[in-house]
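Subject: Structure handover

Hello,

I am passing a structure on to you. Please open it first, then read my notes below.

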Amino acid sequence: MYAKVIVDVWANQLNRPFDYLIPEEFEDIIEVGMRVAVPFGSRTVQGFVMDIVLETTFEGKISPIIKPMDLEPVLTPEMILLGQHMSQTVFAFLISCYQTMLPPMLKSKYEKYFHLKDPEAYPEIYQNYFNGEDTVEDVGQFTNQELAKLLRLRKEGVVSVEHKVIDKAKVKMEDWLIRLQSPMDYQVIQAATPLKATKQKLFLAALEALPKEQSEILKKDFVDQNGFTAADVKTAISKGWVKLEKRPVNRDPYAGREFTQTNALQLNEAQQLVFDEVLHDMRQDIVKTYLLEGVTGSGKTELYLQWIDEVIQKGKSAMMLVPEISLTPQMVNRFKSRFGDRVAVLHSGLSAGEKFDEWRKIKNKEADIVVGARSSIFAPIEDIGIIILDEEHESSYKQEENPRYHARDIAIWRARYHHCPVILGSATPSLESRARAQKSVYQLLELPTRAKDQPLPEVKIIDMKQEYSKNRGTFSLELQEAIKDRLDKKEQTVLLLNRRGYSSFVMCRDCGYVLECPNCDISLTLHMDVHQMKCHYCGFETNIPRRCPKCFENQIRYYGTGTQKVEEELQELFPEARIIRMDVDTTRKKGQHEALLNKFGSNQADILLGTQMIAKGLDFPNVTLVGVINADTSLNIPDFRSFERTFQLLTQVAGRAGRGDLAGEVMIQSFNPENYAIQLAKSHNYREFYAREMQVRHMGNYPPYVFTTMITVSSEEEGLALREAVKIRQYLEQILTGQTILLGPTPKSIARINKRYYFQILIKYKREPQLTRALNELMLQTQQTTANKVTVSIDVEPMSFL
DNA sequence: AGCACGCCGACT
DNA sequence: GTCGGCGTGCTC
């Protein structure tokens, strides 16, 4: 028998199965979907079994599989199919698709080691280099000289270099103490133990004191509670009082947390209508993709919960995706308190071990509800009854690196496989999805009012052009007054500023010199807290210059505003205010995000100042004022989606106000107060925004009126990248139809990042049946001709043209 | 001669 | 992607 194996090597020529012999002893063990260790060239690598066949057409030498790496398949037949589909649609290697579907712990590490073939013939080398062993694993311990000697010996065939696959997947084990005697016995033994053996007597007493029905206890707990040491336990084991047992345990990120059971809330009329519509379809076995358009606070989450409940009642499983930044403890709480332990939560904040265990929990059917960010769309649940994407418009559903998949597409594929509905929910749907609903590709569901009939918050736009004549600070007088008012009333304020750091750039007022990153074509951002200039693209850091590096004058000034600077200004204006700043810099460490939100939620702070990570999902009833410090930052990004993003961001952040019994107020500061994205966010008018923006898209030939694909060519050599890009354009011109628009190659808006030059070609098309084939061909060719100097990457439906 | 370096093809 | 083989050219 032979196995068709996809090997763990990222190269175009290897993007197909290789045949391996299944050794007889593994014939009834190795299954489709398992990981195996296989020889590949002179190395050993991990691979995935795609198929098992009786015959092979390969005429060369067939190597046997070294060993299986799993006891059960890690990929289901569904996943194997999905990987093939994904690979073809997003132009990514099969291996990268499969690896993306699995927790990172299942990706093996590789190690090299030296092996001495005949130690007896070379006693001196055996002793000096191999420390009396057949192999040495830590190659790093040798000096260059020693290494050279070993490599010479390899040429002579005395020493060989071997490769090893190391499986990182480790099931965590816990030590349990098993009681071997009865309490009465322990009493007897204790009496017979010499007086001076105090620790032993205490140990026996503790054993005796265990409740009668408890025959085992976690070693850690027993030791902690009684103040024993590892030596005490050892003695007890050697005396035969207890025995030690290792047991597998799930690393539970939410261990020890109490979730009070909650029940379904009463739905209002609009919710009920929407709820019933989907339910009705489910009962009729009609499967659709729904677009749930519901204003902020309209109770979408409650609907999700009730649909999920409906589905699991029928013995099926459910999946709900949320954007990474809105996977707040609040959201987790709602799910865990409604459904308890059957919920598995997956997000980037988990450790590798926790991710692996949540994944296993799903695989072992201990959990049948999955809540998670983008990649949890690949969770190994079977018999899915519903898939929900909350905040459907969020760009974080698209992976920005290979494989560049969109979770929405994967959701729809999986839903078709499982014959179940998909719910796309948002207060501000993406134009793509909304247009599809218009064309009845998706079924539109609407929730036009807030759940408890609270009014949507009053939104005021503050014209910063007018403000500038009386006040040049970051905060308009009106916003200052409003903040003051909330501080007096002990109500809370949320402030949004879409730029982290202190200042956006540093310039010499004398000669105009702007401090830029040496690796990228972008100015450095000042970070006052660490007193460094940082590049937000490659991570470069340098000291803050005192004098201009060019003209040496003492005229260095800071321009633009980031969250750090605003925090300082705010504190100056309101010395008594307790401020929390939330951006990537303050939430980088594990748990910080949650800690800050908890602090704000429990009223230990008056003002929450942050970047767009605070715009979503937060539900704090005491927040009555939301301020947007500068609505123009996202508006002025030269991308066709900048108005859409601005409208979404403003609507989302406005939705944070007035969620409790108190009315909310929103203030948007802008230098473009008449802009329709801002005006329509003010009036909460998604419908009108959709109509206006669609016109603009139509005029400019932008999505959703056209499909787009972006090709990016990069190299350390600028000329090489450009030449290759031009060749690609010429190639595409020959193949694609006349209606298709080809733009570029043009340098990317940040032409150089991390010492590499980037050029892009944009393809806009309505119908282009040859495109997939042409792009697959392109990937093959570019890889062969230019080896590794030029990188070509294809992004289907990019989130931005920048 | 000895080896560092770059290029190329193969990998079941 | 990574390794080994091979050719070129440089150094001790």
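Predicted model: local features only at pLDDT ≥ 70, side-chain atom pairs only at ≥ 80, totals over all residues.

DNA strand B

The residues around DNA strand B are L14, R16, F18, D19, Y20, P39, F40, G41, F58, K61, I62 and S63. By class, seven are nonpolar, two polar and three charged. Two elements, β2 (18–21) and β3 (35–40), each supply at least two residues of this surface. The largest share, three residues, comes from β2.

Of the atoms of DNA strand B within 4 Å of the protein, 43% are sugar or phosphate, and the rest belong to bases.

- D19: a backbone N or O atom is 2.7 Å from a base oxygen of DNA strand B.
- G41: a backbone N or O atom is 3.0 Å from a phosphate oxygen of DNA strand B.
- S63: a polar backbone atom is 2.8 Å from a sugar or linking oxygen of DNA strand B.

DNA strand C

Around DNA strand C you will find V9, W10, A11, L14, S42, R43, K112, R154 and H163. Sugar and phosphate make up 62% of the atoms of DNA strand C that come within 4 Å of the protein.

Which part of DNA strand C does the side chain of R43 approach? A polar atom of that side chain lies 2.7 Å from a base nitrogen. For K112, a side-chain N or O atom is 3.4 Å from a phosphate oxygen of DNA strand C. W10 uses a polar backbone atom, 3.4 Å from a sugar or linking oxygen of DNA strand C.

Best wishes

How values were computed
Residues numbered from 1 in each chain as written. Chains lettered and ligands numbered in written order. Heavy atoms only, no water. Near = heavy atom within 4 Å. Polar contact = N/O pair within 3.5 Å; in protein donor to acceptor, adjacent residues only side chain to side chain. Helix = DSSP H or I, 4+ residues; strand = E, 2+ residues; numbered from the N terminus. Nonpolar A, V, L, I, M, F, W, Y, C, P; charged D, E, K, R; others polar.
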